[in-house]
Amino acid sequence: MMNVLRNWAAAIAVACMLALPGWAGEVPRATPEAVGMSSERLAKVKSKVQKMVDDRKIAGAVTMVARRGKIVHFETYGLRDLDEKKPVAKDTIMRFYSMSKPITTVAAMTLYDEGKLKLDEPVEKYVPELKGLKVYHATQPVKPNRKVTVRDLMRHTSGLTYGIFGNSPVDQIYKQKRIIGSRDLQSMVEKLGRIPLMHQPGTRWHYSVSTDVLGCLVEKVSGRKLDVFLRERIFKPLDMRDTAFSVPKTKVDRLSSCYSPGSGGLKVQDRFNASRYLTPPSFLSGGGGLVSTARDYMRFCQMLIHKGELFGSRLLKAETVDMMTKNQLPEGVHWGGKNGFGLGFSVQTQDGGSVAHVGEYGWGGAASTHFWISPKDDLAVVALSQLMPFSAQLQNAVKPLVYEAISGQTDRAGVGLP
C-alpha cells in the first residue's frame, strides 16, 4: 500500500511541475535507428571530430544531433583549457557570438506577434535616434530612396555595416566613432544616427550591427533591458539555464577558453578564468554577446523546429516561424552566392546535396560555433568549438556525415556557411 501511495505522490509531483510556468523537461533521447538514421554512419562524426582535436586544429568541441524531436548524438571532444587539461563536458559554456542574432530576432518577433511592432515600419518609429539617416556618396550624403525598416534589420539589408570587416569610407567612420565598443545600446544608436548608410536600404545584403540595433529596438518597445527581456521571454520559458551575457562566479570553471591558430599550434585567445565574459557588460550585444551551451541552444532549435513551441511553452506563432525561416531578401539580392536570408537566419534556396538541403536554415558565431535546422528532415544540429577567427572546418566536417546518416548519400566536396 505504501508503494502505491509513493507512486501516486510522485505522479502528482511531476504533474504539478509540468503545470508550472516555464518548467520544461529535457529533450528526449533515442537511438539513431528509432528516428531513421544509421548509428554506424553517425559514428563517423565522432571519429572525424576527434581527428581534428588530435591534429590540433581545435582544442575541443561538442556535437549534438536531434531528429524528430529526439537527441540521437551528443558527444564531447578534447579540452576546454589546454594548460589545465580540463576536458570539454556536455555542459561546457562557450562564446556564441553571432549565434546570438537568431535569439534577438526571435525576441523582436514576440513583440511582432503581440502587435507591438510592424516589420515594414521605419526603424526610426521605434528608435527615433535613427531619424533622418542618409546614404553615403563620394561628394555628400544623399537622401535614401526609402527608410530603413525593421525587416531590413532582421535580414541585413539596412545599409548599416560593422566597421571591422572592411575599409570603405563608412567602415572608417565606424572605426573612428568606435561603434563596436560603444558604452551601451543607447550610445550606439545615437552615434549611428549621425553616420551615413553604406548603401540604399533593401538593395544589398551586408553583414552589420543591424541586430544590435534590433536589440535596442526591443528595449525601447518593451521598456525592459535586453538581458531582462531575453531572460523572461526566452531563456526561462525554454529552460536555457546557462545562456546569458556573462558567466556567474559559480559557473566560471565550466567556461571554455578560446584559441587561435599559431605557428607552434593553438594559442590562447581568451582564457576562461580571465575572460571579459566574467563581468556583466554595459553593452548588451544582441548581435554577438551571448554565452551558452549545446543543450541550451538545442532547446532553442527545438522550439523553432516545433513551430514556436517547446514543452507547452509557446514563444511564437507557427506562421511567424514559417515566415522567419523563408527567404526574405528582395528580388535580385542574395546571400552566400545565390542563397537567401530569412529573419535572423541564412536560408538555403539551392540544393547542396550532402552539404546543404533546400530549406535548411541556421547561422554561426565568430568563435567557430554553428547550428543548422533542416525542416524537411526534421533535423537540428549544433556543432561547437572555440577557435578564432571564424572557421567553417567543424561544420564542413560534420554536416555531410549527418546527412549521410539519414539518406546514405556519399560524401562530396562542399563548403558550409561562412
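**Notebook: helix 6 and beyond**

I started with helix 6, whose buried residues are Leu 185, Ser 187, Met 188, Val 189, Lys 191 and Leu 192. For me, buried means under 20% relative accessible area, exposed means over 50%, and partly exposed is in between (1.4 Å probe, protein chains only). Helix 6 runs over residues 185–192 and is mostly covered, with 6 of its 8 residues buried. What covers those buried residues? I found that the cover includes helix 5 (169–177) and helix 7 (210–222), a contact being heavy atoms within 4.5 Å.

A note on the source: this is a predicted model, where local features need pLDDT of at least 70 and side-chain atom pairs count only at pLDDT 80 or more, while totals for chains, interfaces and linings use all residues. Residues are numbered from 1 along each chain as its sequence is written, and side-chain values use heavy atoms, leaving out hydrogens and water.

**Whole protein**

I looked up 11 helices and 14 strands; these are DSSP runs numbered from the N terminus (helices H or I, at least four residues; strands E, at least two). Of the 418 residues, 57% count as buried. I also checked contacts between residues at least 6 apart in sequence, and 67% of them join residues at least 24 apart.

Next came the radius of gyration, taken over C-alpha atoms, with a globule rule of 2.2 Å times the number of residues to the power 0.38. A compact globule of 418 residues would be near 22 Å, and the protein has 22 Å, so the two agree. The C-alpha atoms fill a box of roughly 80 × 55 × 45 Å along the principal axes.

**Cysteines**

How many disulfides are there? I got 0, counting a pair of cysteine sulfur atoms within 2.5 Å as a disulfide. I looked at two cysteines anyway: Cys 216 is buried at 2% relative accessibility, and Cys 301 is buried at 0%.

Most residues other than glycine have a negative phi, and most peptide bonds are trans. So I went looking for exceptions.

His 156 isn't a glycine, yet its phi is positive, about 60 degrees. I found His 156 in the loop between helix 4 (150–155) and helix 5. Is His 156 buried or exposed? His 156 counts as buried, at 2% relative accessibility.

Lys 307 also has a positive phi of about 60 degrees without being a glycine. Lys 307 sits in the loop between helix 9 (294–305) and strand 8 (309–310), and is partly exposed at 36% relative accessible area.

Last entry: the peptide bond from Met 388 to Pro 389 is cis, with omega near 0 degrees. I placed Pro 389 in the loop between strand 14 (379–384) and helix 11 (393–407).
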